[in-house]
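Please read it alongside the coordinates.

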Amino acid sequence: MLNNFIFIVLPYAALALIIFVTPYRYFSNRLTWSAYSTQFLERKTLFWGANPWHYGIIPVLAAHLLGVIFPGPMKAFLGNEFNLLVFESIGLALGLFAVFGCLILTLRRVNTPLLKRVTFASDWVLLYLLLAQSLTGVYVATFMRWGSQWYLHTAVPYLWSLLTFNPQIEYVTDFPLVFKLHAAGAFVIVALLPFTKLVHMLYLPFDFLKDPPILYRWRTK
Amino acid sequence: MNVRAQLVMVFNLDKCIGCHTCSISCKNIWTDRKGAEYMWWNNVETKPGVGYPQKWENQDKFKGGWVVEGRKLRLRAMGKGPTLLNMFFQPNMPKLDDYYEPFDFDYSNLYKAPPGSDQPVAEAYSQISGERIEKIASGPNWDDDLSGSQVYAVEDVNLEDRKIVEDYGRMFMHYLPRICNHCLNPACVASCPSRALYKRGEDGVVLVDQDVCKGWRFCTSACPYKKVYFNWQSGKAEKCIFCFPRTETGQCNACAHSCVGRIRHVGVLLYDADRVEAALLKPDDQLVAAHREVILNPRDPQVREAARKNGVSDQWLEAAEKSPVYALVKEFAVALPLHPEFRTMPMAYYIPSLSPVISSGADLHELADHGTFPLLEKMRAPIGFLASLLSGGNQEIIAEILRKQIALRLFKRAGNLGQPIEESILKNAGLDEAGANRLYRLFTIGGYTERNVIPTQQREELDSHQRKGASGFGILKKTRGPK
């Protein structure tokens, strides 16, 4: 029952929400499409929070995605013991870095009176959710060794089975609870993404790299 | 030749009385909103002073504007690669304390306070946190009229001799009203990774597309004038929109319209967009001359032809011909860009203020040949200070303009008193009688339509969906949280 909920209901609900709500938000009110930076109001602690968090979580997230997109090459790459060791160590370090950042960000929200008026329920939900998610991630990385390898043989085929609308949850149902929490957390985060400030991660500034510096807009041209 | 039109404002500092009426009218129209309380799209500073935000001119601190690197311009703060790496924490962004914590007073306490032996007071509270403020530490114009000069005015980066503000006998001041300069080479536009900032092709107004802005905050630090602000409520950047809903219909900007001293002129300049970058590669002291080179003569048939080809309408060409701005900036060359060495090519120009007739300190009454004004070097406001502010350090340009202003005054004074005037005075200053009379009208009695020549936009040419969507500030839709 729980397995069905976590591994079938949640991911499809999340998928549906991100596919339908994101464009709706984009076209209905883009005025809310912002990272809602609070650096203007508080910057000293933010430096120690936002930087470790983003620089920790982005590579970790990218590694998760890489495993899903290129399972073959990743298997080959991590088949080498040395590669696996280095990969796992870097991953764990980045994970801890992210946890540290997220912790700082949470404490910052708690302790800065100036941030009271720009902190909404969604900010707390996200902070605690992301903190929990990175903590379960670090736990899995520490106590369920070589996750980068077994992930490719369990979670990845399961995720592919989701995408082909033929969910094969037996790949993942035998894992301990902490793994299930990590998976459930991931789906909840994806589900919340279109409703919260997390949408800021859906925009990657690549146009800016190739455009000429000064942008003109003409009424008539 | 790539001719474009730009709406430009000229400020006559000689007439600014520092009344802040411009700031108030701007505030009431545009930034009287949550998240924008601390913003003053138009503000008036006392010079010497640290300004708003404090020390905005100090680019060692805020890293705004452009620098020349070889034969190229680059943003002083960082290139595109480092921009991507600094998205999560922006190292050069001014913080709230650099402006001030916006406050209001709790007037309800005046009638709600319980009976007691003390008179109730309206206590200050923060407009951001809502908490009571024990002691207001700063405000939008904290060093007005040289208040706290030993703390603030001495920090003015334009001062050569900081002791001058401690010496009552030599002290000087003038006001500096500032809006967004709507630059030809805007650093804010170039720094935006989301490409939310843009320059309007038709009138050169620089706007933030609120739908595209993601709040990365690079513009707030890249602008060397610190005229792009971060709205802490909407999480987006906002800036002066040159009152485009007014100018589009031929009305004057709110700040210029309400100006008590009538120091402001609004009009069209035609410029050659292809020459902008080359002009900005010149050394600091040649930048003003380079600015003037970029501005084109609207009466030149070749310029008019090229302008028409670029879609500049006849109405705009006519306005460019009559433009008071063109007269002041190019014909008479009395108006100068603010800090041209920031290399954004600002399109707001300032006529430097002429010092009081009294000479400075010990050299009191050491007057020039004509016997009314002190020698230029002995003027109360040091030429070096004005040059650092308005001409990239070129003192000769400032001297030329002051000479013109003095000659003009002597000419009109002689006229008033029915005295003959030596023709050489006007001639030496590069003026003739007709020119002097025209300049006099512009400086003094010129009416609303002489001071401001603003052609309308042909908005009807625009697709109605597009027209509806274009606004440079975030108040049309709900942002987040309770209103």
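1. Basis of the model. This is a predicted model, in which local features need pLDDT of at least 70 and side-chain atom pairs count only at pLDDT 80 or more, while totals for chains, interfaces and linings use all residues. Residues are numbered from 1 along each chain as its sequence is written, and chains are lettered from A and ligands numbered from 1 in the order in which they are written.

2. Overall form of chain B. Chain B contains 19 helices and 15 strands; these are DSSP runs numbered from the N terminus, with helices being H or I of at least four residues and strands E of at least two. Its radius of gyration is 23 Å, close to the 23 Å that the globule rule gives for 483 residues, so chain B is as compact as a globular protein of that length. That radius is taken over C-alpha atoms, and the rule is 2.2 Å times the number of residues to the power 0.38. Along the principal axes, the C-alpha atoms of chain B fill a box of roughly 70 × 65 × 45 Å.

3. Burial. Of the 483 residues of chain B, 51% count as buried, meaning that 20 or more other C-beta atoms, placed from the backbone, lie within 10 Å of the residue's own.

4. Domains of chain B. The assignment, which is automatic or from a database, gives domain 1 (13–99 + 143–243) and domain 2 (254–451). Their C-alpha centres lie 24 Å apart. Between them, 38 residues of domain 1 are in contact with 38 residues of domain 2, a contact being two C-beta atoms, placed from the backbone, within 7 Å. On the domain 1 side, helix 1 of chain B supplies the largest share, five residues. By class, this side has 19 nonpolar, twelve polar and seven charged residues; Ala, Val, Leu, Ile, Met, Phe, Trp, Tyr, Cys and Pro count as nonpolar, Asp, Glu, Lys and Arg as charged, and the others, Gly among them, as polar.

5. Contact between the chains. The contact takes 43 residues from chain B and 40 residues from chain A. Strand 8 (197–200) of chain B is one of the elements that supply at least two residues of the chain B side, and strand 8 gives the most, with four residues. The chain B side divides into 15 nonpolar, 14 polar and 14 charged residues.

6. Pairing across the chains. Strand 1 (residues 216–217) of chain A and strand 8 of chain B pair in the parallel sense over two bridges; pairing requires at least two bridges found by DSSP. Within strand 8 of chain B, B:Lys199 is the bridge partner of A:Tyr216.

Terms used: A residue is buried if 20 or more other C-beta atoms lie within 10 Å of its own, exposed if 12 or fewer, and partly exposed in between; C-beta atoms are placed from the backbone.
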